[in-house]
Amino acid sequence: MSTPHLLAGRGAVVVGGTRGIGRAVSELLCAMGARVVVNGRDPDVVAQCVDALTAAGGDAVGVAGAADDEHVAAGLIEACTESFGRLDILINCAGIAEPPGSSILRIAPAEFDALIGAHLGTVFHTCRAAAPVMAAQGHGTIINTGSVAFLGDYGGTGYPAGKAAVNGLTMAMAAELKSAGVRANVVCPGARTRLSTGPEYERHIGELHRRGLLDEMTMRASLDPAPPAFVAPLYAYLASDLAGEVTGQILVGAGGFVGRFGRPTPALLGYRDHNDSRPWSVDELHAMIAG
């Protein structure tokens, strides 16, 4: 493994760090010398994960609970500073899947609220607890997990909405906290996890392809994702000093693919000076937008 001591002595919190991508990230951070607070909803799974990390030579403690609860989120940051004496890294990997067959035509408000809470709420509460600590000490890095699903190609409701909101919140934090020495970035991962396996998932991907939302290549890639270990190094890189100038980025890691979303900019359709011109007519707007 390259640069095995890249994160030596760092204090890290990995939310959703007991399974899937979060588990791979927790393992890699420990292998690189970080001391890790591992979080998950299931106390037994948290304990098992901590045992495995420490048995492999890592330094880890566990905090169970759903981090979209502000008290749990605050407890994670406190656990890191109390256990390790410092907080350098916050990584948010927690998430839940859309209900089977989820659609704006059918989803219940409670289901939508749960999806927004699990994704946006978790990021908000953990960042709200971590950012003041990092800003006061003049350094720190926040890495939130997004998804290419924010583009809408995978359908759904609260999942793409929550991930798109995570992008926006992270970009705003990156701009605000840059002068304090705190970085914030997003990783949109593709990996084989509980959310991307099983007959229901495969039917969903097949249906999206049938409806023309996913092309053939994307469908095949979605049905054969790489293990989480392929994307974990991207999180570790962003957590390290090697990425000291990298902030406000939305990156993609899926198997052997690494990419970056460019900053959205509007394409000019028309312009006139409002000081000496009338408003655009509906017909003129139609000619610009649809024509």
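Before we start, a word on labels: helices (H or I, at least four residues) and strands (E, at least two) are DSSP runs, numbered from the N terminus. The model here is predicted, so local features need pLDDT of at least 70 and side-chain atom pairs count only at pLDDT 80 or more, while totals for chains, interfaces and linings use all residues. Residues are numbered from 1 along each chain as its sequence is written, and side-chain values use heavy atoms, with hydrogens and water left out.

**Exercise 1. Describe how helix α4 packs with helix α5.**

Step 1: Get the geometry. Axes are lines fitted to C-alpha atoms, for helices over the stretch in contact, and angles run from 0 to 180 degrees between N-to-C directions. The axes of α4 (residues 109-137) and α5 (residues 158-177) come within 8 Å and cross at roughly 15°.

Step 2: Name the arrangement. Angles under 35 degrees count as roughly parallel, over 145 as roughly antiparallel, 65 to 115 as roughly perpendicular and the rest as oblique. The helices α4 and α5 are therefore roughly parallel to each other.

Step 3: A crossing is right-handed if the near helix is turned clockwise from the far one by less than a right angle, and left-handed if anticlockwise. For α4 and α5 the crossing is right-handed.

Step 4: List who touches whom, where contact means heavy atoms within 4.5 Å. On the α4 side, the residues include F112, L115, I116 and H119, and on the α5 side they include Y159, A161, K163 and L169.

Step 5: Sort them by class. Ala, Val, Leu, Ile, Met, Phe, Trp, Tyr, Cys and Pro count as nonpolar, Asp, Glu, Lys and Arg as charged, and the others, Gly among them, as polar. The contact of α4 with α5 has 15 nonpolar, three polar and one charged residue.

**Exercise 2. Which arrangement does α1 have with α2, and which with α8?**

Step 1: Take α1 (residues 20-31) with α2 (residues 43-55). Their axes are 10 Å apart, and the packing angle is about 30°. The two helices are therefore roughly parallel to each other.

Step 2: Look at this contact. R23, S26, E27 and C30 of α1 meet C49, A52 and L53 of α2. By class, that gives four nonpolar, one polar and two charged residues.

Step 3: Turn to α1 with α8. Here the axes come within 9 Å and cross at roughly 50°. That makes α1 oblique to α8.

Step 4: Name the partners. I21, A24, V25, L28 and L29 of α1 meet A232, P233, Y235 and A236 of α8. The classes are nine nonpolar, no polar and no charged.

**Exercise 3. How many residues of helix α8 are buried, and what covers them?**

Step 1: Count. Six of the eight residues in α8 (residues 232-239) are buried, so-called "mostly covered".

Step 2: Name them. The buried residues are A232, L234, Y235, A236, L238 and A239.

Step 3: Find the cover. It includes α1, β4 (89-92), β5, β6 (182-190) and β7 (250-254).

**Exercise 4. Classify the ring pair of F150 and F261.**

Step 1: Recall the rule. Rings of Phe, Tyr and Trp (its six-membered ring) pair if their centres lie within 6.5 Å; planes under 30 degrees apart count as stacked, over 60 as edge-to-face and the rest as tilted. By this rule there is one aromatic pair.

Step 2: Apply it. The ring centres of F150 and F261 are 5.2 Å apart and the planes are at 75°, so the pair is edge-to-face.

Step 3: Locate the partners. F150 is in the loop between β5 (140-145) and α5, while F261 is in strand β8 (residues 257-261), 111 residues apart.

Methods:
Buried means under 20% relative accessible area, exposed over 50%, partly exposed in between (1.4 Å probe, protein chains only).
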